[in-house]
Amino acid sequence: MKIVMVGAGYVGLVSGACFADFGHDVICVDRDESKLELLKLGKMPIYEPGLEALVERNVSQDRLRFSNDLASAVAGADVVFIAVGTPSRRGDGHADLSYVHGVAEEVGRALNGFTVVVTKSTVPVGTGDAVERIIAEANPEAQFAVVSNPEFLREGSAIEDFKRPDRVVIGTEDDRARAAMSELYRPLSLNASPIFFTSRRTAELTKYAANAFLAMKITFINEIADLCEQLDADVQDVARGIGMDGRIGSKFLHAGPGYGGSCFPKDTLALVKTAQDAECPVRLIETTVSINEQRKRSMGRKIIKACGGSVRGKKIAIFGLTFKPNTDDMRDAPSISIIQALQDAGAHIAAYDPVGMESAGGLLTDVAFADGIYEAAEDADAVAIVTEWDEFRSLDLQRLKSLMKTPIMVDLRNIYNSDEVIRGGFSYVGVGRAKTP
Ligand code: NAD
């Protein structure tokens, strides 16, 4: 099938390359010339494990191309995906649909023959109706169906997630669109991934409900972690103890500095706004948003407390900046608020991240970026592990201690066994850990 993917970002580029790998003929369209130039040179504009090889293979076999010419690409397509960003709208937190609407109009003008237009971006309920209206207004003769097909891939494991998803959700009431989407995803159904058809509005809401539920689960264990600290219980064991219950499940029960990234913060907020407009507030999610917002900065205070109550003039080494490992994505990363809180309290910050320092450079000020973990830790009064990159899991504690001014470790991801770190001569603070006797 001939597919056009409008928006070659984290979602569009991965989805486009994976569809090409399934044997479809794919053109990724983006308006960002610098991104297109890199892609045409075989370089990836984002860090995603396995992506470069996947793109290279499909480009060399002529199944994957990149272009800025939306109109020509769309004119020959069977299916056009809209995979542009839907960030929080400045001022009110609603999803900003200007990119989606803009693309819908451009696509509408270019349609030629029956085409399925699929919204892959995360969009509020009713956006499919708006996309349909915009296309019809731009091109009253157009023959098309608008489908919702939200994406559930996770950065860092995006290719595996796309190729072996727990499910594919497709929202449409149109038979021709349903047939086209079944054909498109047939390689996945052969892999036994369920393809779940529902109405368009239901599919749109399913994506927000999924993200809100996961954000709530993280926030739940974070609050239990705080309670553990007060009651001298261990959140790791509580999480294990509840996670073994099949009704609860063990995933997303890792206490930490609060959720960040390009999806959970904006999507929970957008759901709250949608629900308020529908006069049906989702109070659990409203509370989740507010707890998480306060949590990130409170992690800065946790580090200050671990340093004896003041960090003025002290050097704090931050290990990990991206919102999670295996991505260079810094959008809404907890590290931003944590570093800000420490700087507000007078600390000097040195930071190291295996791939995120370039993207972090544009967001953080007065941070000394180091070439490695040990360089960052030189003369530090404390180290704080903010992102659980694999290379932070087996630090040489003796070397680290010998470099630091004071051996204090704040492990916001609980990747260390506290006894081991304390035996290594450190003062150790985790999240929701029992006090060591
Ligand atoms: P992104 O910012 O990485 O990519 C968006 C791309 O769209 C950019 O390259 C931008 O240049 C391009 N673009 C914007 N307007 C355009 C236009 N008019 N024509 C052509 N290209 C245009 O965003 P992303 O992270 O890929 O997210 C895209 C959508 O997918 C969002 O709605 C997001 O919520 C959703 N989503 C993201 C993830 C994730 O992990 N990043 C997961 C699931 C769903």
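This is a predicted model: local features need pLDDT of at least 70, side-chain atom pairs count only at pLDDT 80 or more; totals for chains, interfaces and linings use all residues.
Reader: How far does α12 reach from its first C-alpha to its last?
Author: Helix α12, residues 264-277, has 14 residues and reaches 20 Å between those two atoms, which is close to the 20 Å expected at 1.5 Å a residue.

Reader: What about the backbone just after α12, which residue takes a positive phi there?
Author: That is E279, whose phi is about 55 degrees.

Reader: Switching to the strands, which way do the residues of β4 point?
Author: In strand β4, residues 79-82, V79 and F81 point one way while V80 and I82 point the other way, and all of them are buried.

Reader: Which sense does β4 take with β1, parallel or antiparallel?
Author: Strand β1 (residues 2-6) pairs with β4 in the parallel sense over four bridges, and V6 stands opposite I82 of β4. Strand β5, residues 115-119, also runs parallel to β4 and is joined to β4 by four bridges, with F81 standing opposite V118 of β5.

Reader: What unit do β4, α5 and β5 make?
Author: Together they form a β-α-β unit that is right-handed.

Reader: Now the ligand: how many residues surround it, and which are the closest?
Author: The ligand is surrounded by 26 residues, of which G7, G9, V11, S121 and T122 are the closest. Helices α1 (10-21) and α5 (98-110) each supply at least two residues of this shell, and the shell divides into eleven nonpolar, nine polar and six charged residues.

Methods: Residues are numbered from 1 along each chain as its sequence is written. A residue is near a molecule or strand if its C-beta atom, placed from the backbone, lies within 6 Å of it. Ala, Val, Leu, Ile, Met, Phe, Trp, Tyr, Cys and Pro count as nonpolar, Asp, Glu, Lys and Arg as charged, and the others, Gly among them, as polar. The expected span of a helix is 1.5 Å times one less than its number of residues. A residue is buried if 20 or more other C-beta atoms lie within 10 Å of its own, exposed if 12 or fewer, and partly exposed in between; C-beta atoms are placed from the backbone. Two strands pair if DSSP finds at least two bridges between them. A crossover is right-handed if, with the strands pointing away from the viewer, the path from the first strand over the helix to the second runs clockwise.
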